[in-house]
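Reader: Please give me one close look at the packing of this chain, contact by contact. Keep it brisk, and give each cut-off once.

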Amino acid sequence: MKKSLQLFGTVLFISGIILFGLMHLAIALYIPHLGEWSDPPGKLTVVLDEIIGWFPYVLSILFMLLGGAMLIFDLWKSKQKEQVGKKS
């Protein structure tokens, strides 16, 4: 169970990082073709609206958060087991 949780957390975290990087690459490639944008929403928001990129952008952030939370939980759980083992 421990290895599968750690592996799943790592895969989620890395896939979130890759998707986040690809989204920023797509944004950077589209900015030169950007027609008009206004200052309050900014270039990032306008580009994400035009390329319909909100779903993968938010999904990449969720992947990173969930994967990081799984890894931190796994680390915390293993530290708890070590402390219980030292007390006995």
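Author: Two residues are in contact when heavy atoms lie within 4.5 Å of each other. The model is predicted, so local features need pLDDT of at least 70 and side-chain atom pairs count only at pLDDT 80 or more, while totals for chains, interfaces and linings use all residues. Residues are numbered from 1 along each chain as its sequence is written, and side-chain values use heavy atoms, with hydrogens and water left out.

Start with L34. Leaving out residues up to four places away in sequence, L34 touches K43, V46, V47 and E50. Two of these names return in the nonpolar core. Such a core is a set of buried Ala, Val, Leu, Ile, Met, Phe, Trp, Tyr and Cys residues, joined through side-chain atoms within 4.5 Å. Buried means under 20% relative accessible area, exposed means over 50%, and partly exposed lies in between (1.4 Å probe, protein chains only).

The largest nonpolar core has seven residues: M23, I27, L34, V46, V47, L48 and Y57. Two or more of them come from each of α1 (2–30) and α2. The biggest share is that of α2, with three residues. Helices here are DSSP runs of H or I, at least four residues long; strands are runs of E, at least two; both are numbered from the N terminus.

Now α2 itself. This helix covers residues 42–50, and G42, V46, V47 and L48 are buried in it. After α2 comes I52, with a positive phi near 50°. Most residues other than glycine have a negative phi. I52 is not glycine, yet its phi is positive. Its place is the loop between α2 and α3. Is I52 buried or exposed? I52 is exposed, at 71% relative accessible area.

Move on to α3. S60 is in this helix. S60 is buried, with a relative accessible area of 0%. Which residues does S60 touch, beyond those up to four places away in sequence? They are G16, L19 and F20.

G67 is also a residue of α3. It is buried, at 0% relative accessible area. Setting aside neighbours within four places in sequence, G67 is in contact with G9, L12 and F13. K43 is another matter: G67 and K43 are 24 residues apart along the chain, and their C-alpha atoms are separated by 29 Å.

D74 and L5 are 69 residues apart along the chain, but 7.2 Å separates their C-alpha atoms. Compare T10 and K77: 67 residues apart along the chain, with 16 Å between the C-alpha atoms. T10 sits in α1 and is partly exposed, with a relative accessible area of 29%.

Next, the aromatic rings. Rings of Phe, Tyr and Trp (its six-membered ring) pair if their centres lie within 6.5 Å; planes under 30 degrees apart are stacked, over 60 edge-to-face, and the rest tilted. The whole structure holds two aromatic pairs. One of them joins F73 and W76: tilted, 5.9 Å centre to centre, with 35° between the planes. Why are F73 and W76 separated by about one helical turn? Because they are three residues apart in helix α3 (residues 54–87). F73 is partly exposed, at 39% relative accessible area. W76 is partly exposed too, at 49%.

Last, the surface. A patch is made of residues with over 30% relative accessible area and no salt bridge; like charges are joined within 9 Å, and nonpolar side chains (Val, Leu, Ile, Met, Phe, Trp, Tyr) within 5 Å. A salt bridge puts a side-chain nitrogen of Lys or Arg within 4 Å of a carboxyl oxygen of Asp or Glu. Accessible areas come from the Shrake-Rupley method with a 1.4 Å probe; for residues, only the protein chains shown count as cover. F13, I14, I17, I18, L22, L25 and L29 form a nonpolar patch, with about 650 Å² of accessible area together. I17 is in α1 and is partly exposed, at 41% relative accessible area.
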